[in-house]
Amino acid sequence: MLQARHVARRFDRGVVALSDIDLTLHAGEILTLLGPSGCGKSSLLRLFAGLDAPSDGEILRDPSARLSFVFQEATLMPWTTVAANVALPLVLDNVPARDRAASVDDALARVGLSDFAKAYPRELSGGMKMRVSIARALVTQPSLLLMDEPFGALDDITRQRLDDELLALVRAQGLSVVFVTHNVFEAAYLSDRVAVMSPRPGRIVDEIRIDAPVRDAAFRQSAQYGALAMQLHTALLNASEATA
Ligand SMILES: Nc1ncnc2c1ncn2[C@@H]1O[C@H](COP(=O)(O)OP(=O)(O)OP(=O)(O)O)[C@@H](O)[C@H]1O
């Protein structure tokens, strides 16, 4: 679906944000980038999205993949309705107004916000705003979601609920996802595979497969989940201490 081959990204003034990244996202997979602040997670996601270009190496994308990006902030337009916010990518794609309504209704239904189409962002909780942001990403019928710490600003319970909703969406629609977080519990719960990154320069120092077929409340309470979170915590600690 997506592949980074020997990718490096250097910025002005000699900042090496990423060095020799090799990473593949397979179709239908949730791949998480886990790492301490500044290790280059967002930089790598931007390269995957084509919002930026590598200094070395290459990014390969399945040409049939339809890509959507979800940012950490919901970044909604405050002056207009939820439905108009969700419709924005279609407006930018020049989809005629008469063809937009059904897609917007469908995207809002998928995130459980059908009743809020006419509401304004100020009337919504943080979790609802993020659902709108996800609906806006889904409205173009993507096959690939790139998500940059989308639930990082939410409280634990809301985050867990949105993690469950995301899993249901991904499984129902066969989406492929690259998900950025620095939360080991979220990474253990959501991911099929976790790429652990270390800073200065950003590299992938570990890849951990999460072999748990069912993700539900029982999984959250399980010894396996606890052990996985601990394993990721240790990998993150090692990565934070690693230097090139
Ligand atoms: N446009 C830019 N110009 C110069 N340096 C940059 C630029 N973008 C990122 N960097 C640097 O690249 C490094 C990686 O940044 P990046 O934002 O990708 O890390 P991150 O892991 O996503 O961090 P966080 O978890 O805090 O969001 C940092 O040292 C950052 O200062």
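**Figure 1. Helix H1 and the ligand shell.** Helix H1 (residues 41-49) contributes three residues to the shell around the ligand, the most of any element. Helices (H or I, at least four residues) and strands (E, at least two) are DSSP runs, numbered from the N terminus. The model is predicted: local features need pLDDT of at least 70, side-chain atom pairs count only at pLDDT 80 or more, and totals for chains, interfaces and linings use all residues. Numbering starts from 1 along each chain, as its sequence is written. The shell holds 13 residues, and Phe11, Ala17, Ser37, Ser42 and Ser43 come nearest to the ligand. A residue is near a molecule or strand if its C-beta atom, placed from the backbone, lies within 6 Å of it. By class, four shell residues are nonpolar, eight are polar and one is charged. Ala, Val, Leu, Ile, Met, Phe, Trp, Tyr, Cys and Pro count as nonpolar; Asp, Glu, Lys and Arg as charged; the others, Gly among them, as polar.

**Figure 2. The whole chain and its confidence.** The protein chain comprises eight helices and nine strands. Its radius of gyration is 18 Å, close to the 18 Å that the globule rule gives for 244 residues, so the chain is as compact as a globular protein of that length. That radius is taken over C-alpha atoms; the rule is 2.2 Å times the number of residues to the power 0.38. The C-alpha trace spans about 55 × 45 × 30 Å along its principal axes. Mean pLDDT for the protein chain is 93, and 99% of the residues score at least 70. pLDDT is the predictor's confidence in each residue, from 0 to 100. For the complex, the predictor gives an ipTM of 0.95 and a pTM of 0.92.

**Figure 3. The annotated span.** An unreviewed UniProt entry lists residues 2-224 as "domain: ABC transporter". Positions follow the numbering used here, feature names are shortened, and annotations may be inferred rather than shown by experiment. The span is 35% helix and 26% strand. Its end C-alpha atoms lie 29 Å apart.

**Figure 4. Packing of helix H2.** Val82, Ala83, Asn85, Val86, Ala87 and Leu90 are buried in helix H2 (residues 82-92). A buried residue has 20 or more other C-beta atoms within 10 Å of its own, an exposed one 12 or fewer, and a partly exposed one a count in between; C-beta atoms are placed from the backbone. The buried residues of H2 pack against helix H3 (97-110) and helix H4 (126-138). Asparagine 94 follows H2 and has a positive phi, near 60 degrees. Across the protein chain, 39% of the 244 residues are buried.

**Figure 5. Alanine 8 in strand S1.** Alanine 8 lies in strand S1 (residues 2-10). It counts as partly exposed because 19 C-beta neighbours lie inside 10 Å. Beyond its neighbours within four places in sequence, alanine 8 is in contact with Leu18, Ser19, Asp20, Pro54, Ser55, Asp56 and Gly57. Contact means that the C-beta atoms of two residues, placed from the backbone, lie within 7 Å. Of the contacts in the protein chain with a separation of 6 or more, 73% join residues 24 or more positions apart. Threonine 81, 73 residues from alanine 8 in sequence, is 41 Å away, C-alpha to C-alpha.

**Figure 6. The cis peptide at arginine 200 and proline 201.** Arginine 200 and proline 201 are joined by a cis peptide bond, with omega about -10 degrees. Proline 201 sits in the loop between strand S8 (193-198) and strand S9 (203-209). Arginine 200 is in the loop between S8 and S9. Its phi is positive, near 50 degrees, in a residue other than glycine. Arginine 200 has 15 C-beta neighbours inside 10 Å, so it counts as partly exposed.

**Figure 7. Exposed loop positions.** Glycine 50 occupies the loop between H1 and strand S4 (56-61). With 12 other C-beta atoms within 10 Å, glycine 50 is exposed. Its C-alpha atom is 9.9 Å from that of leucine 67, 17 residues apart along the chain. Proline 63 lies in the loop between S4 and S5. It is exposed because 5 other C-beta atoms lie within 10 Å. Threonine 75 is in the loop between strand S5 (67-70) and H2. Its phi is positive, about 45 degrees, although threonine 75 is not a glycine. Threonine 75 is exposed, with 12 other C-beta atoms within 10 Å.
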